[in-house]
Amino acid sequence: MTARPPLEVANSARAAARHLRATALVHIAEGRRSVHDVIRLAATENGRPLLRITVKQLLLAQPGVGDESVRRVLDHITTVTGATDVPVRRITVAWLLDARAGGRRFMAFCDALGDNSQTPWPGFPFTPRPARRAGGPR
């Protein structure tokens, strides 16, 4: 059994993760970062909290993107991947990048956006995600 961190440490980590997610969404809204930039950062050790952002939140953060566009993208992803029973709240960046899907989810996402040139890490989906540093936060 693993020891739990002190409550102050856990609360601090949770606040830092929320701040990182909020900052990423604001950067998308302001045009400083793209959706693919955030997904690419989420695939790194420092960006792990970004994995919890839903695809709906990510897309709605973009200026000029509304519910209909988001619904179209999500419908395309779930139809192409055969995940029509997955609730929208469960379609997160982590779900897109899940290695068990062999890259199909991310490819369907890129296809829905009309941009197949972006990858979350070099060699995706045929090479595994780069190893995480030992001793880093989990």
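Contact, in this account, means heavy atoms within 4.5 Å, and a residue is buried under 20% relative accessible area, exposed over 50% and partly exposed in between, for a 1.4 Å probe and protein chains only. Helices are DSSP runs of H or I with at least four residues, numbered from the N terminus. The model is predicted, and local features need pLDDT of at least 70, side-chain atom pairs count only at pLDDT 80 or more, while totals for chains, interfaces and linings use all residues. Residues are numbered from 1 along each chain as its sequence is written, and side-chain values use heavy atoms, with hydrogens and water left out.

The description opens with helix α6. Its buried residues are R105, F106, A108, F109, C110 and A112, and these pack against α2, α3, α4 and α5. Just after α6, G114 adopts a positive phi of about 80°.

One of these partners, α2, can be treated as a helix pair with α6. Two packed helices are described by the angle between their axes and the distance between the axes. Here α2 (residues 35-42) and α6 pack at an angle of about 170°, and their axes are 13 Å apart. Because angles over 145 degrees count as roughly antiparallel, α2 is roughly antiparallel to α6. Axes are lines fitted to C-alpha atoms, for helices over the stretch in contact, and angles run from 0 to 180 degrees between N-to-C directions. On the α2 side, V35, H36 and I39 meet F106, F109, C110 and L113 of α6.

Another partner is helix α4, which spans residues 67-81. Its 15 residues reach 21 Å from first to last C-alpha, close to the 21 Å expected at 1.5 Å a residue; the expected span is 1.5 Å times one less than the number of residues. V70, V73, L74, I77 and T78 are the buried residues of α4. They lie on the same side of α4 because they cover an arc of only 125° around the axis, the arc being that of the directions from the helix axis to the C-beta atoms. The face turned away from this buried side carries the exposed residues E68, T79 and V80. The cover over the buried residues includes α3 (55-60), α5 (93-97) and α6 (104-113). Just after α4, G82 takes a positive phi of about 75°.

Finally, A29 lies in helix α1 (residues 7-30). A29 counts as partly exposed because its relative accessibility is 41%. Not counting residues up to four places away in sequence, A29 touches A61 and P63. The C-alpha atoms of A29 and Q62 are separated by 5.0 Å, although these residues are 33 apart along the chain.

Terms used
Helices (H or I, at least four residues) and strands (E, at least two) are DSSP runs, numbered from the N terminus. Angles under 35 degrees count as roughly parallel, over 145 as roughly antiparallel, 65 to 115 as roughly perpendicular and the rest as oblique.
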